[in-house]
Amino acid sequence: MTFSELYRRSPSAHGEAPGRVNLIGEHTDYNGGFVLPAAIPRRTIVDLAPRDDRLVRVWSAQFPDIDPIEYRLGDERRRGAWVDYVQGLTWVLAAEGLRAGFDARIESTVPLGSGLSSSAALEIALGRALRDAFQLQMDDVTLAVRGRRVETDFVGAPIGIMDQMACSLADTTSALFLDTRSLTYSRVPLPPASALIVIDSGVTHRHAGGEYAVRREECARAAALLHVKELRDVSGEELDRVNGLPEPLNRRARHVVTENARVLETVRALEACDLSTAGRLFLESHASMRDDFQVSIAPIDALVELARHVEGVYGVRLTGGGFGGSVVALADRSKSAEAARVIVESHNLKSRASARVLVP
Ligand code: ADP
Ligand code: MG
């Protein structure tokens, strides 16, 4: 349904944001560490028209059979449904001066729950539309910080800052090298001879679900036992101390410490256009997520094992929080489309899976 079919008028404000794929640096963001995401060419788009009262009406093309959902500003209440991301944002943006309601229409090509951050894409796209409609004074970093609060304080998913920073700031031709502690960032151009492949495994994850929160808590316990503020503060030279922690905290901390080092190495490799080294780091990251952080699942491991041996692939790994979602591969640009096709066809045939190519 179009905006005018939904609301019998035209939109006057607009906001967009891309989904993101994290190249490397997984589960490091809530440990004050480094991440390296890029935007993907799939986006969330929000059209919006302000109202004179405090009513909010919102409709998503992702849920076409549901009529626009309504609530009043100030009456935001968690419902355990997609509208929580919208309610969460209006609840957070009250502090930025959001006083009036609106009619909104959401449309997206970012798959939901596939580890490509449809939730942050929605928060940033809607935040931009609201900023546009009500002249809110927020830069893109502030918007990312507000968007994260939607998930941590309203939806109840204890995530780090990567997704919102990526959806707010990243582009598709470079990776965003972000220090999640200071929020300083730089852009690392993707080598011209390379391409990213993103494949949705077909198994959706659940962020707010228990395991993510358990990992977060395990990292906090490991940091306390190591007498540091966050695991970011443990260097690669201190792995002996990490290995001395009790199970499974030793594994959790080892993943975070080695993963932070891998992000720094990957940045250097990409800057040197050294795709073999970057690919090796992808594979090491996957092994660490599988064996130490234990957030992978058998179908994803099978997909990675298959993909790594396909012609033109330098390296491949689970991307996003885990327990399902997508894999990202670093590939030779001239071979990436064919490689992606071969990976998905062989995997689906072999594992009776429903994986699909999202990029390229
Ligand atoms: P991810 O961010 O990895 O896709 P999450 O579980 O964090 O997965 O967020 C997915 C949830 O975000 C969806 O279940 C839905 O509630 C909400 N969402 C994301 N995009 C949209 C959209 N375009 N329309 C409606 N809800 C959306
Ligand atoms: Mg999300």
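Leucine 55 stands opposite arginine 72 in strand S5. The two strands involved here are S4 (residues 55-60) and S5, which pair in the antiparallel sense over 4 bridges. Two strands count as paired if DSSP finds at least two bridges between them. Helices (H or I, at least four residues) and strands (E, at least two) are DSSP runs, numbered from the N terminus. Strand S5 (residues 69-72) has a covered face with Ile69 and Tyr71, while Glu70 and Arg72 lie on its uncovered face.

A word on what you are looking at: this is a predicted model, where local features need pLDDT of at least 70, side-chain atom pairs count only at pLDDT 80 or more, and totals for chains, interfaces and linings use all residues. Residues are numbered from 1 along each chain as its sequence is written, chains are lettered from A and ligands numbered from 1 in the order in which they are written, and side-chain values use heavy atoms, with hydrogens and water left out.

**Aromatic pairs**

How many aromatic pairs does the structure hold? There are 5, and two of them are set out below. Rings of Phe, Tyr and Trp (its six-membered ring) pair if their centres lie within 6.5 Å; planes under 30 degrees apart count as stacked, over 60 as edge-to-face and the rest as tilted.

| Aromatic pair | Type | Centre to centre | Angle between planes |
|---|---|---|---|
| Phenylalanine 34 and phenylalanine 177 | tilted | 5.7 Å | 45° |
| Phenylalanine 63 and tryptophan 82 | stacked | 5.8 Å | 0° |

Phenylalanine 63 counts as partly exposed because its relative accessibility is 29%, whereas tryptophan 82, at 14%, counts as buried.

**Two packed helices**

Helix H2 packs with helix H3 (residues 118-134) at an angle of about 50°, their axes 10 Å apart. Axes are lines fitted to C-alpha atoms, for helices over the stretch in contact, and angles run from 0 to 180 degrees between N-to-C directions. H2 and H3 are therefore oblique to each other. In this scheme, angles under 35 degrees count as roughly parallel, over 145 as roughly antiparallel, 65 to 115 as roughly perpendicular and the rest as oblique.

Which residues meet here? Tyr85, Val86, Leu89 and Leu93 in H2 meet Ser119, Leu122, Glu123, Leu126, Gly127 and Leu130 in H3, where contact means heavy atoms within 4.5 Å.

**An open sheet and its helix**

Further along comes an open sheet of 4 strands in the order S10-S11-S9-S12, with antiparallel pairing. Strand S10 (313-319) and strand S12 (356-359) stand at the edges with a single partner strand each, so one side of each has no neighbour in the sheet. The twist averages 30° from one strand to the next. Within the sheet, strand S9 (residues 194-200) and strand S11 (residues 326-332) pair in the antiparallel sense over 7 bridges, and leucine 196 stands opposite leucine 330 in S11. Helix H10 (residues 298-308) lies across S9, S10 and S11, running at about 170° to S10.

Technical notes
Buried < 20%, exposed > 50% of the residue type's maximum accessible area, 1.4 Å probe, protein only.
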